[in-house]
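This report covers helix packing and pockets in one protein model.

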Amino acid sequence: MFAKWLRENNVAAGILTVIRVWLGYNWMTAGWGKLTGDGFDASGFLKNAVANPVKGPDGNAVYSWYVTFLESFAIPNVEIFNFIVPLGEFLVGLGLLLGTLTTAAMFFGLVMNFSFFLAGTVSHNPTDIFFGFIILAAGFNAGKYGLDRWVVPFIRKTVLKRGEDAARNAA
C-alpha cells in the first residue's frame, strides 16, 4: 500500500520533489567544490581506507574484498577516481535537482554512498542512503515534477521502441 502511494500519488510526488532537490543540492555542491577547488585527490582517502578498514568484533576486516579492490585497482588508478568522483557527484546532483533520469542518478548516488560506507566513512551517508532508497522505490513519481515528465516518455517512445523494432526484425 505504501509503495503504491509512493509510486503513484501526487502528494507523494511533491514530497519526493523536496527530498530529491535537497539531496541533489547536497550532491551537486559536493561535486562542484571538488571540481572547482584546488584539485581533488582521493589517494589519501583510499590509502586510509586500506590502512584502517572496517573491522568486526573479531578485529578482522569486514569487507576484505573491498580492501583488496582498493589496493589492487583504486589506488593504482587513483587518477581515474580523481576524475569520476567529483564529476559523478556533480552529475548525480544535477540529475536530482532537475529531475532528469532521476532513478538512474539516484542509483549512481547510492553506489557512491555505499562505496564511502564500505571504506569506513559514516558521515551523512546513512541519511543519504535512507532518502535515496525512498527516491529509488518511488521510480518515475520522484521525477514527476521535474524534467522526467518529458524525458521519460520521450525515451520510452523513441529509444525503447527502436529496441523493440530491432528485436522483432531479428526474430
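Ala, Val, Leu, Ile, Met, Phe, Trp, Tyr, Cys and Pro count as nonpolar, Asp, Glu, Lys and Arg as charged, and the others, Gly among them, as polar. The model is predicted, so local features need pLDDT of at least 70 and side-chain atom pairs count only at pLDDT 80 or more, while totals for chains, interfaces and linings use all residues. Residues are numbered from 1 along each chain as its sequence is written, and side-chain values use heavy atoms, with hydrogens and water left out.

**Pockets**

A pocket is an open set of points on a 1 Å grid over the protein atoms alone, where a 1.4 Å probe fits, with protein on both sides within 12 Å along at least five of seven lines; lining residues have an atom within 4 Å of a point. Volume is the space filled by probe spheres set on the points, which are joined across faces, edges and corners. Helices are DSSP runs (H or I, at least four residues) numbered from the N terminus.

| Pocket | Volume |
|---|---|
| Largest pocket | about 690 Å³ |
| Second largest pocket | about 160 Å³ |

The second largest pocket is lined by residues including Leu-101, Phe-140, Asp-148 and Arg-156. Its lining has six nonpolar, three polar and two charged residues. Helix α8 (148-170) gives two or more residues to this lining, as does α6; α8 gives the most, with five.

The largest pocket is lined by 32 residues, and Val-85, Glu-89, Met-112, Ser-115 and Phe-116 are the closest to its centre. By class, the lining holds 19 nonpolar, nine polar and four charged residues. Here α6 gives the most, with six residues.

**Helix packing around α6**

Axes are lines fitted to C-alpha atoms, for helices over the stretch in contact, and angles run from 0 to 180 degrees between N-to-C directions. The axes of α6 (residues 102-118) and α7 (residues 125-138) come within 9 Å and cross at roughly 155°. That makes the two helices roughly antiparallel (over 145 degrees). Their contact (heavy atoms within 4.5 Å) includes Phe-107 and Leu-110 of α6 and Ile-129 and Phe-133 of α7. It has eleven nonpolar, five polar and one charged residues.

Helix α5 packs against α6 at an angle of about 140°, with the axes 8 Å apart. Val-85, Glu-89 and Val-92 of α5 are among the contact residues, as are Met-112 and Phe-116 of α6. Eight nonpolar, four polar and one charged residues make up this contact.

Terms used:
Parallel < 35°, antiparallel > 145°, perpendicular 65-115°, else oblique.
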